[in-house]
Amino acid sequence: MTALRAVGFVLPATAVAAAFYIHPQADVWYLYLIALAVSETAVYFLFEGINRDVEFLSGYYTEVRHYFPWVERVTTTRTVSDGRGNTRTVTETHYVHHPDSWSAMLNTGVEIGLDESQFAQCTALWNTGLSRFPMVHVNQVSGGGGESSAWDNRRESMQTATYKHRYKNYIQDTNSIFNPERVTKDEAKEEGLVPYPKIIDNTQSPLCCSAGLGYSFSASDQMLFRRLNATLGQKHQVHFFVLLFPASKGIGISLRQRQYWEGGNKNEFNICLGVEQGESDDTWTVTWCKPFSWMDAPTLEVATQDWFISHPTLDFPALAAFLEENIGLWERKQFSDFKYLSRHLSSGKSLLFIFITLCICAACMYLLLQ
């Protein structure tokens, strides 16, 4: 970082010196300040802006809302000329129609968008009735307000949502032992590693399966773990993923999975299981278990491994109950503990910084020569 900052000082100074040599009488001191400011901004962005990661947070609906349509008055002013050098200010008013919209309030305090059918599904499922609420918008001339329905507090009617949250990852761009070896997408596909499940319509699959295993998760098991993440996520700052692999792959596949997910996100407890089909089609046996997370003391990891020794049959309701009962063993790692690590930009980011600095220096000199 020190070397890059030195480049950020030297290149603008060189550009200013060249500009002064070309035009000795020109007032060029401000060019150095401009170039230096852009250089420092680039350093901050590369180290602080890009040096972030994304974790998954889950919550459950506490209320769904329907916002009625409303009309907004928008006033704009512009200056016009009559062609003779005379100018005047013109004020224009137009009206913008905002249509119906629907949303859900989560227990995490986040509001997410819904469509009309999702709103209707929740109100029918909860059967708690609709309540009107006032809503005044800025520059509103008509309409507004809305109606809402509250969750009935039954676990079986709980609706969940998963969304992304950015956080500062102090491990990125370091040469420490905490930064795992990178696994390419081609390598992951060839080895049968599991990519992070996508969020579709605010829903993510916490139960994942290696390609080719032939196991199919039930909708009830997926919903069970979605509700587990939603109920424990905010209070305990945890997000569970369960990953199934063929037992024949061996426990080493879990280490490769950890490398592929770059250690996992700070709030994740990932459980890798090696499974094989039993005598009946609907019975699967767990032959090995290897969780991974960023916990300082792997208390929950060890407890989970021990639990599968005495519960070798794959049973997701029993696993969910175990995790909920033993959530006290979990403690999320504070990534601020890694602030002491010395950061080093990758070759690509270093070249990008030098390119940005050269461009701004060239732009300043170009403006001077006009």
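Predicted model: local features only at pLDDT ≥ 70, side-chain atom pairs only at ≥ 80, totals over all residues.
A search of the whole structure finds 8 salt bridges. One of them joins Glu324 and Arg155, with a distance of 4.0 Å from N to O. Glu324 belongs to helix α8, whereas Arg155 sits in the loop between β8 (146-150) and β9 (160-168), so this pair ties together parts 169 residues apart in sequence. Glu324 is partly exposed, at 35% relative accessible area. Arg155 is also partly exposed, at 34%.

A salt bridge also links Glu187 and Arg256 (3.9 Å, N to O). Here helix α4 (residues 185-191) supplies Glu187 and helix α6 (residues 252-260) supplies Arg256, so parts 69 residues apart in sequence are tied together. Glu187 counts as partly exposed because its relative accessibility is 33%. In the pair Arg65 and Glu63, the closest N and O atoms are 3.3 Å apart. Asp152, Arg154 and Glu156 form a network of salt bridges.

Asp100, Asp115, Glu116 and Asp201 make up a negative surface patch. Glu116 counts as exposed because its relative accessibility is 51%. Lys333, in contrast, is buried, at 8%. Lys333 lies in the loop between α8 (316-325) and α9 (347-369). Its C-alpha atom is 9.7 Å from that of Glu268, although the two residues are 65 apart along the chain.

Helix α5 (residues 219-236) has 18 residues and should span 26 Å at 1.5 Å a residue; its end C-alpha atoms are 25 Å apart, which agrees. Buried residues of α5 include Phe225, Leu228 and Leu232. Just after α5, Gln237 adopts a positive phi of about 50 degrees.

Note on methods. Residues numbered from 1 in each chain as written. Heavy atoms only, no water. Patch = residues over 30% accessible without salt bridge, like charges linked within 9 Å, V, L, I, M, F, W, Y side chains within 5 Å. Areas by Shrake-Rupley, 256 points an atom, 1.4 Å probe, with all protein chains shown as cover. Salt bridge = Lys/Arg side-chain N within 4 Å of Asp/Glu carboxyl O. Lys, Arg positive; Asp, Glu negative; His and termini not counted. Charge placed at Lys NZ, Arg CZ, Asp CG, Glu CD. Buried < 20%, exposed > 50% of the residue type's maximum accessible area, 1.4 Å probe, protein only. Helix = DSSP H or I, 4+ residues; strand = E, 2+ residues; numbered from the N terminus. Expected span 1.5 Å × (residues − 1).
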